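Reader: Could you take me through the strand arrangement and the open space in this model, reasoning from the coordinates step by step?

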Amino acid sequence: MENDTPVLMVPGLGGSDSGHWQTHWHDRHASCEFVQSVNWNLPERESWLAGLDLAIHACATPPLLVAHSLGCALVAHWVAQAHKRNGGVSNLPVRGALLVAPADVDSEAHTPAETHVFAPMPLSVFPFPSTVVASTNDPYVDPVRAKLFATAWGAEYTNVGPRGHINADSHLGDWQEGWDLLTDLYREDEQLSRA
């Protein structure tokens with residue numbers, strides 16, 4: 001993956017601490033930056049949407065988005081909002097999205113009440129390559145629901161086995177498997193651009 005391709009990290013509720021693979025990627029790869037203009041401790045759909053939109057449009061070239069947990073719902077809402085605003089989403093300034101452990105904001109059994117400001121989960125097709133990564137034992141989303149999200153978004157679906165919420169508690173370190181999936185997304189976008 002070329003270093004001049006921006007990689008925007010979109011954390012979930014509470015942000016990504018020092019043990020989180022998103023933080024490892026940020027520390028290891030110069031192309032990786034966190035979306036800064038959002039208070040990740042306070043789920044507010046409109047302010048989070050504004051912050052993500054600002055970060056995307058501040059990139060010199062279309063970024064790859066790397067979302068985790070509630071950040072996946074944020075990306076889905078951003079796509080849905082663009083669709084409503086523009087009457088279509090064919091020209092969004094994003095190269096692709098890696099959507100890891102999407103929190104099921106529609107489920108009171110899986111997600112805390114404060115995250116339900118992101119319900120219902122938008123199910124619009126993404127106009128850029130995307131991959132949903134899920135675990136078999138994620139407390140915040142059932143794998144069947146994660147696969148439903150992937151299908152609705154037109155995304156590839158990857159189940160990584162029993163990895164919990166695919167966060168710091170999963171002890172993934174640099175999570176090379178995830179980085180390889182992101183690299184695959186980059187290559188898929190390159191192939192589409194040449195077609």
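**Sheet, central strand and pocket**

Author: In this predicted model, four bridges join strand E4 to strand E5 (residues 130–134), and the two run parallel. Within that pairing, Ala97 stands opposite Ser130.

Reader: Which residue of E4 does Leu64 stand opposite?

Author: Strand E3 (residues 64–68) runs parallel to E4 and is joined to it by five bridges. Leu64 is also the bridge partner of Val7, in the pairing of strand E1 (residues 7–10) with E3, which is parallel and spans four bridges. In E4, the residue opposite Leu64 is Gly96.

Reader: Which strands stand at the edges of the sheet?

Author: The open sheet has six strands with parallel pairing, in the order E2-E1-E3-E4-E5-E6. Each edge strand has a single partner, so one side of each is left without a neighbour in the sheet, and these strands are E2 (32–34) and E6 (156–159).

Reader: How many of the five residues of strand E4 are buried?

Author: On one side of E4, Gly96, Leu98 and Val100 are buried, and on the other Ala97 and Leu99 are buried, so that both faces are covered. Helix H4 (residues 143–153) lies across E4, E5 and E6. Strand E4 (residues 96–100) is largely enclosed by the rest of the structure, because the number of its residues that are buried is five of the five.

Reader: What is the volume of the largest pocket?

Author: The largest pocket is lined by 18 residues, with Leu13, His68, Ser69, His165 and Asn167 nearest its centre. By class, its lining has six nonpolar, ten polar and two charged residues. The volume of this pocket is about 300 Å³.

Definitions and conventions
Residues numbered from 1 in each chain as written. Predicted model: local features only at pLDDT ≥ 70, side-chain atom pairs only at ≥ 80, totals over all residues. Heavy atoms only, no water. Buried < 20%, exposed > 50% of the residue type's maximum accessible area, 1.4 Å probe, protein only. Pairing = 2+ DSSP bridges. 1 Å grid on protein atoms, 1.4 Å probe; cavity = no way out; pocket = protein on both sides within 12 Å on 5 of 7 lines; lining within 4 Å. Points joined across faces, edges and corners; volume = space filled by probe spheres on them. Nonpolar A, V, L, I, M, F, W, Y, C, P; charged D, E, K, R; others polar. Contact = heavy atoms within 4.5 Å. Axes fitted to C-alpha atoms, helices over the stretch in contact; angles between N-to-C directions.
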